[in-house]
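User: I'd like to learn how to read a model like this one. Could you walk me through it, feature by feature?

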2 protein chains.
Amino acid sequence: LLIGSPLATAEAQGEAIGKVIGLAVFASDALSSTAYATQEMLVVLAAAGAAVFGYALPLTLAIVALLAILTLSYEQTIHAYPGGGGAYIVSRDNLSDLAAGTAGAALLTDYVLTVAVSVSSGVAQVTSAFPSLLAIRVPLAVTLVLVMMIINLRGVREAGNFFAIPTYFFLITMFATVGVGLARYLTGSLGTVTQPPPLETAQSIEAISLFLILRAFSSGTTALTGVEAISNGVPVFKEPRARNAGITLMCMSVILALLLVGITFLSVHIGAVPSEQETVISQLARTVWSARPLYLAVIAGTTVILIMAANTSYAGFPRLSALLAVDGFLPEQLALRGTRLVYSRGIVTLGLIASVLIIVFRASVTALIPLYAIGVFLSFTLSQAGMARRWAKSARLQPGQEIKGEHSTLRHDPRWRTKMLINSLGAVCTSAVTVVFAVTKFTAGAWIIIILIPLLVAFFFRIHRYYQAEKREMSLERIRPAPPIRHNRVILTIGRIHPAALAALRYAQALSDDVVAVHVATDPEEPERLRNQWHTWADGVPLDIIDSPYRLVLEPLVAHIKELAEQQRPDEAITVVVPQLVTGDLFDNMLQSHAADFLRLALFFTPGVVVTDVPCQFDPSDGSGKERSENRK
Amino acid sequence: LLIGSPLATAEAQGEAIGKVIGLAVFASDALSSTAYATQEMLVVLAAAGAAVFGYALPLTLAIVALLAILTLSYEQTIHAYPGGGGAYIVSRDNLSDLAAGTAGAALLTDYVLTVAVSVSSGVAQVTSAFPSLLAIRVPLAVTLVLVMMIINLRGVREAGNFFAIPTYFFLITMFATVGVGLARYLTGSLGTVTQPPPLETAQSIEAISLFLILRAFSSGTTALTGVEAISNGVPVFKEPRARNAGITLMCMSVILALLLVGITFLSVHIGAVPSEQETVISQLARTVWSARPLYLAVIAGTTVILIMAANTSYAGFPRLSALLAVDGFLPEQLALRGTRLVYSRGIVTLGLIASVLIIVFRASVTALIPLYAIGVFLSFTLSQAGMARRWAKSARLQPGQEIKGEHSTLRHDPRWRTKMLINSLGAVCTSAVTVVFAVTKFTAGAWIIIILIPLLVAFFFRIHRYYQAEKREMSLERIRPAPPIRHNRVILTIGRIHPAALAALRYAQALSDDVVAVHVATDPEEPERLRNQWHTWADGVPLDIIDSPYRLVLEPLVAHIKELAEQQRPDEAITVVVPQLVTGDLFDNMLQSHAADFLRLALFFTPGVVVTDVPCQFDPSDGSGKERSENRK
């Protein structure tokens, strides 16, 4: 099940990558959003009729302006955090635990939605080319999510070259589409979409309003999701890492801006209609290319990059969970980065929640979008605000002075004023978008995220509180000398006399000279028979019988042990030894009585009592099993 | 949570009851089915149009004849099994394990369906009187099921007097309705239903066919569900138990027959229309009684007896589970009759499955019926066949000779020929009904049960096979002498040095002189720091460091211990001691690393290794917790 060899600590870094491969690895999330951003703006504008689709172009330009600010902001983050500076790390380093928890919650929801939205959009591209698949889009999308889950469970080496092919294939097909489209537009030969899908609008057409425009803008901002990916991945770049990563970010943003403006411009011009039947990208591609193979190439490129974008979440989600766990915001077990099991859990969690979202929202990108960008922009805001605060701190340092942090080194920066201004501007703009998004999309689904994120943060802090307490209680200062245990009283629980009981007796006798067997009798005739057998097999070890008129078995035993525990002196301990049958079969093991587990739970809070189960292995499928457990004897 | 005092073994019998109370306790299941049997026949006949509703009367007479045969059959069972003879016990005693398993599976599904059908029908009565509740019938029914579940979890003393009131209230109101109805029919003043609900039929009306008639008959046989209840409950009757129970059964059957014929006759006569909007009982009641309070009394009586019928399953389901567990067909834990926990699980299982059924079938009695009677009639068949076989065996005994069984004593019976004939007739008739039901209702839902019962039987036998193997392997003959353990090698697993680790060290030192601490290092800088601390706190006990370049923690430890286990001599044992933090809070406990549980699972099949976790209790809510765990020192 858990295939793939583990990576050694030294190897974990992997091979450093250059700018060309770096773009391929980190850009899929950002670039793939061009596949739905234009369409989602048009969907909103459709409420005021197709006549106002022209508004999409100025809105796209506003989004490009926002992208420019974000790019400058993140370029600074990359240089400040050459070890990788995601929103969570930047918030925790420069703001507060609360901000970090909020960023963590926002990012985790974001990873899930990236999977749901990207896969839904990918499936929408496929069903545009093959409308007969429209009826099965939900199972198709869920299957894709689960296949990716299984592939990631088996372990993917994130080989950069593997990513390069589809990313550059997408870029070539999409730039060719936009380029040829523009050329045909300029020569007047482009025309409009033939047989566009019907426009699904409300009965009465709304008048265009500021609210509607802001809502369309909000939908368009989903184009910016994924811009932060490179800032997380700085350490994998070749030296000079920060410089290379920064240049890659710039390139990515320029490409994103060009595609976004080109696609929106052409889509409006050809009269593309936003629809669940056929995506705008599909309408654009078939208008630009008359040859079906070329059209299919565009669809294939778009689908593949969307799937790749979804795939990035499968790496990001467990990685962020591990980071949160290291800081005590999630169970510490998740911080054991090495064990594949931990990543497996994250991958399965992500795959299942994304599947549920796809089923609930019928694989509709339009239905999922209101949940999506709010987490992204919240994390943008926290990250930029954290950076702004960082420059303010840096101003207070003397030149040459350094503060070494866990993830970065803070130095005086003579240009801190400019840098702070850029990050502050980024924070203000992204926070404005967050608010606009929350308000305009509230009833459409954003309310879910607005409720969910604080709940997640509260959950993180509940966990954090426990680990703080554990750290406090389990510190070296809390250690007090205790007298050594001079007397270990061993209580052996006996049901019937059989090989497992005698194996437990043998072990019990190795622990201490003071062994007493205890049997709970629910049947008045039982004790006499048992006592006779016991004398035959365990001569010398006393047998206590506890009468249980109420036919309870475990409860009287627990009461008996608790009574003994209360009487014990500081240099005594009680060990409860329980025979436990074991077979190799999981189903069989469920059938065995797990008395030890029950006793352990019941006695966990009784100081000085230890419950031990002595396994006796046997093989139920044949008579030779007993021999295996004899090996030990 | 688990309220209600446990019953002592001696008390379990309870007080013996007479015939009047006995009828009230055991008749609710059978009598309540008159609330839906007539209607379900009419629903099927409706496919051929309202003109053929008249067929319902002869069909009812056929069902009454079947009832007579069943009653005679069960009267014999009661006398043969004065200790209680359900279909499971009778099949196991007289047929085979396979027959017993089949009866068990049929009865378990039957208990679940009794809850779903009775509650759905009860809700249908209420919504007939208050049509505004129709929209919430599903949540209403689920709430009822869950409320019953909670009441039963808290423990109900099955007080006979408590049952008498609603049963006799139902009988009075229903007999009054039928009586007055007949009187008004004879005087010609009855008339027909005013404003009956619309008849929901298919577009084209079917011709009446034998298949349709058999389908209607099958639906009507649901009236006979519950007839077997008294034969299960013989032991609670006053002496002479068998005689009293037998007379009660006769009374119940006569009442059932009278009500069934009366209700069907009047319903057809007044032109009642089977409908999900208004039950036939409601239409009959409001036609007979012009005063609404009297009408509401009938509705209330019917609803309450239906709820009581559902409630009988809450006692029967866990009781049968315990019986199956005693015989090794279900996990032995379920056989610990005394622990309330076991009954609680059965009650919760029953409540949840019934709720799911109600939700899936939209609380529609008509939709649930095809699943219902097949299990009932299958168990009738097995029970009667078992009795027939029993008489054949009894014929081979000499007068005065006895074979004492677990549940009954087999004696020679001079009238064995007649008795065998009666039970054989019962078996033949009920098996014919089973087949007719399975065929005519197959596509409507019976297929679910036809698939489910064999699966359940296979599941029972899979469990049975394990317990047989356990019995064989864990017999006294399998015990072979083993040398005593002379050397217990203790391995203490250490993560960080903290109070819990030192408590575990202290316990480990009490077990053996040979204690070695082991630490898995995932970080190259860790071992040096740990070694220094260890020397301060645990001078003398050696510390082994296992390097883990792959950052795995538990896997290298398991490999290390397995290696040691392979080298050990027959008189050695290995004990792995693991520190375990414990708090009183369930949520906190999920946050702790449960390394011991993991190690135990991983080492369960390694002979000679015992894993012990040493709990160290602390209270995360304040700083004083440490003192509590100090008590032991």
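This is a predicted model: local features need pLDDT of at least 70, side-chain atom pairs count only at pLDDT 80 or more; totals for chains, interfaces and linings use all residues.

Analyst: Let's start with a definition: a salt bridge is a side-chain nitrogen of Lys or Arg within 4 Å of a carboxyl oxygen of Asp or Glu. Residues are numbered from 1 along each chain as its sequence is written, chains are lettered from A and ligands numbered from 1 in the order in which they are written, and side-chain values use heavy atoms, with hydrogens and water left out.

User: Are R472(A) and E473(A) buried or exposed?

Analyst: The cut-offs on relative accessible area are: buried under 20%, exposed over 50%, partly exposed in between, using a 1.4 Å probe and protein chains only. R472(A) is partly exposed at 36%, whereas E473(A) is buried at 0%.

User: What about chain B?

Analyst: E278(B) is buried, at 9%, and R286(B) is partly exposed, at 26%. Another pair is E402(B) with R411(B), at 2.8 Å from N to O. There, E402(B) is partly exposed at 41%, and R411(B) is partly exposed at 46%.

User: Which residues are linked in a network of salt bridges?

Analyst: That network takes in D597, R600 and D613 of chain A, written D597(A), R600(A) and D613(A), along with D597(B), R600(B) and D613(B).

User: How many disulfides are there over all chains?

Analyst: A disulfide is a covalent bond between the sulfur atoms of two cysteines. In practice, look for a pair of cysteine sulfur atoms within 2.5 Å. This structure holds zero of them over all chains. As for individual cysteines, C251(A) is partly exposed at 38%, while C616(A) is buried at 2%.

User: Which helix of chain A is mostly covered?

Analyst: Have a look at helix 5 of chain A, residues 87-94, where seven of eight residues are buried. Those buried residues include Y88(A), I89(A) and R92(A). For packing you need contacts, meaning heavy atoms within 4.5 Å. The buried residues of helix 5 pack against helix 4 (56-80), helix 6 (97-129), helix 13 (292-326) and helix 15 (365-395) of chain A.

User: And for one residue, say Q39(A): what is it in contact with, leaving aside neighbours within four places in sequence?

Analyst: Q39(A) lies in helix 3 (residues 37-45) of chain A and is buried, at 8%. With those neighbours left aside, Q39(A) is in contact with P274(A), S275(A), T279(A) and V280(A). The C-alpha atoms of Q39(A) and G220(A) are separated by 8.4 Å, although the two residues are 181 apart along the chain.

User: How should I read a strand?

Analyst: In a regular strand the side chains alternate between the two faces of the sheet. Take strand 7 of chain B, residues 609-617, where nine of nine residues are buried. V609(B), V611(B), D613(B), P615(B) and Q617(B) point one way, and V610(B), T612(B), V614(B) and C616(B) the other.

User: Which strand of chain B pairs with strand 7?

Analyst: Two strands pair if DSSP finds at least two bridges between them. Strand 6 (residues 572-582) of chain B pairs with strand 7 in the parallel sense, over nine bridges. Within that pairing, I574(B) has V609(B) as its bridge partner.

How values were computed:
Helices (H or I, at least four residues) and strands (E, at least two) are DSSP runs, numbered from the N terminus.
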